Amino acid sequence: MRHKVSAGQQSGTFPIRHLETREDLETPSRSRASLLPWTQLFDLQHQDGYWQFSPELGFLLHMDVDYFANVFLKEKGILSLGVKSSEEILRLVATMLVLQLIRYMEQLEGLIFKSLFQLDDTVHQRSEHWGSVKKAVDWVKVADWRYPSIYWRLELGRDWESTTRQLLCIDPVKQNSPLQLVRITCFKPGCFPKGGLG
């Protein structure tokens with residue numbers, strides 16, 4: 001069974017620009033300067049706490065999620081783990097990417113990460129999204145326990161920290177990394193207008 005994120009759904013509303021050269025892939029271009037449309041991001045969150053890959057999420061992450069989910073991970077053997085497990089792993093990867101994006105951008109006041117798996121709950125003035133992020137953190141803790149080191153088994157990286165930072169174009173993709181095969185889409189700074197997406 002294929003976890004389809006239809007390329008046709010990407011027409012017009014969610015444009016994708018592929019990077020084609022190794023130099024592009026090795027050069028990080030994620031900027032904190034662009035204001036992300038956080039309301040739209042949290043609207044995509046499932047009530048259980050996780051996110052799943054979709055054209056809308058791919059646009060916000062600046063990733064070609066159709067290629068990543070339906071080609072790259074399929075070639076790495078995700079379907080051999082079974083339909084239910086592969087679906088949950090896709091949700092785990094998507095949610096880890098969102099958590100890393102929130103952590104890196106530092107645009108939500110009153111929301112501090114000690115790690116991708118732990119929030120600083122001593123903050124007195126919490127973000128309006130604190131509860132939603134806490135639910136996501138709790139969800140990935142359970143999912144990560146069910147699928148230990150799945151990032152390594154799927155050749156994504158040595159840990160969630162480095163894997164998510166490379167996929168989000170925060171850090172350059174390491175030379176000879178399998179992630180060189182992922183068609184990562186990194187938009188230029190200023191892609192999002194101040195008011196967010198229209």
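Let me begin with aspartate 138, which at 32% relative accessibility counts as partly exposed; that term covers the range between buried, under 20% relative accessible area, and exposed, over 50%, with a 1.4 Å probe and protein chains only. The model is predicted: local features need pLDDT of at least 70, side-chain atom pairs count only at pLDDT 80 or more, and totals for chains, interfaces and linings use all residues. Residues are numbered from 1 along each chain as its sequence is written, and side-chain values use heavy atoms, with hydrogens and water left out.

Aspartate 138 pairs with lysine 134 in a salt bridge, with 3.0 Å between the closest N and O atoms; the term requires a side-chain nitrogen of Lys or Arg within 4 Å of a carboxyl oxygen of Asp or Glu. The two residues are 4 apart in helix H6, hence separated by about one helical turn; helices (H or I, at least four residues) are DSSP runs, numbered from the N terminus. Lysine 134 is partly exposed as well, at 30%.

Which residue forms a salt bridge with glutamate 88? The partner is arginine 146, at 2.6 Å between the closest N and O atoms. Because glutamate 88 lies in helix H5 and arginine 146 in helix H6 (residues 130-146), this pair ties together parts 58 residues apart in sequence. Glutamate 88 is buried, at 12%, whereas arginine 146 is partly exposed, at 46%.

In total, the count comes to 6 salt bridges.
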